[in-house]
Amino acid sequence: MAGRFNPRTPTRTTVRGGHVPLPTPAQPTRTAMVTAKATATRHYTPPGPLDLALVLGPLRRGPADPTFRTTPDGSAWRTSRTPDGPGTLRVAMRAGRAEAEAWGPGAEWLLGHLPALLGDADAPEQFAPRHRLLAESARLRPGLRLTRTGLVLESLIPSILEQKVTTDEAYRAWRLLVSKYGEPAPGPAPARMYVMPDPRTWALIPSWEWHRAGVDAKRSSTILRAVRVARRLEEAATLTPEAAAARLHLVPGIGPWTSAETLQRAMGAPDLVSVGDFHLPGIVGYALAGDRTADDAAMLELLAPYAGQRHRAARLILLSGRIPPRRAPRLSPRDIAPL
């Protein structure tokens, strides 16, 4: 095992690796916010350690994501548009057990898929680190499991918005569009939470509203093409990762990076690597070989020993905070709205 690992404090890279801060509750009691009776409830005991912040972290698109919130009692709230309709889910860990409540027409669906959402189908024990940094990062995060939402569109649309722009631009677009065209979250959800629009509503968003949100015609057109075949894309969650990616690639504008970012969340695919990412090859190359100039081919070669678990390896690298020193100014967000 080469290299020397020094743990670092949380950075933007660790957040990108899928970690959201969840406050530690002062007492193991239910949040005072939950005043309305839940449509359904469920308890789930995971097969091993489970870190809720790490498992659900990749589902949050920025600190002001209208579909995801954390509350001071240590709960994570998220909204989804399920096959049964919109729903709100609240999950909290209490003494090693997940306590969940759900509201809305999609409540039963959300609770039925709770184990998968919390990584029940994941197999972290199959990961065998061969580098000191990966071994240490995995040791520090025994509760890391890969989530599986079972929903494609809710991960696909924000992934399309993130194509070739800064994360701040993409987060802003997602926040503005969901808040304006989504519907209020069912139940006693935190303020300003919304369920993302249904496919028809996405298709009816006027061109000038995409423009005001900072979304160029290429990305908005890709989203419009995707929502027209939403049912077929949602079926991809039942296929193998390879077949699911092939189906997504049939939509012009959806390539390997977008499909990987989508299926990592929708299917919990442990081997799909985000090829085509602007930063990831350099981060992986620097962490594993000291090569900040690594390209996609070099990154895949370095991750080859982790075949079957390459996405997990990349996440552990991102969470380690081991990133190359900055040599150029940060990319400036573009604002196309006034143009």
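Strands, written E and numbered from the N terminus, are DSSP runs of at least two residues. The legends below use these labels on a predicted model.

**View 1. The whole chain in the predicted model, with its confidence.** The chain contains 16 helices and seven strands, and of its 339 residues 53% count as buried. The mean pLDDT is 91, and 88% of the residues reach 70 or more. Over residues 1–12 the pLDDT is below 50, although this stretch has 23 contacts in the model beyond near neighbours in sequence; over residues 27–35 the pLDDT is likewise below 50, with 16 such contacts. Among contacts between residues at least 6 apart in sequence, 71% join residues at least 24 apart, while the accessible surface of the chain comes to about 15,600 Å², with 55% of this area belonging to carbon and sulfur atoms.

**View 2. The open sheet of five strands.** The strands are arranged in the order E1-E5-E4-E3-E2, with antiparallel pairing. Strand E1 (40–44) and strand E2 (68–70) each have a single partner strand and stand at the edges, so one side of each is left without a neighbour in the sheet. On average, and with direction ignored, neighbouring strands of this sheet are turned by 20° against each other.

**View 3. The hairpin of E2 and E3.**

**View 4. The pairing of E3 with E4.** Strand E3 (residues 76–82) and strand E4 (residues 85–94) run antiparallel and are joined by seven bridges, and a hairpin leads from E3 to E4 through two residues. Within this pairing, Trp-77 stands opposite Arg-90 in E4, and Arg-81 stands opposite Pro-86 in E4.

**View 5. The side chains of E3 and their burial.** In a regular strand the side chains alternate between the two faces of the sheet. From E3, Ala-76, Arg-78, Ser-80 and Thr-82 point one way, whereas Trp-77, Thr-79 and Arg-81 point the other way, and all of these residues are buried. A residue counts as buried when its relative accessible area is under 20%. Because seven of the seven residues of E3 are buried, this strand is largely enclosed by the rest of the structure.

Terms used
Residues numbered from 1 in each chain as written. Predicted model: local features only at pLDDT ≥ 70, side-chain atom pairs only at ≥ 80, totals over all residues. Heavy atoms only, no water. pLDDT = per-residue confidence, 0-100. Contact = heavy atoms within 4.5 Å. Helix = DSSP H or I, 4+ residues; strand = E, 2+ residues; numbered from the N terminus. Buried < 20%, exposed > 50% of the residue type's maximum accessible area, 1.4 Å probe, protein only. Areas by Shrake-Rupley, 256 points an atom, 1.4 Å probe, with all protein chains shown as cover. Pairing = 2+ DSSP bridges. Axes fitted to C-alpha atoms, helices over the stretch in contact; angles between N-to-C directions.
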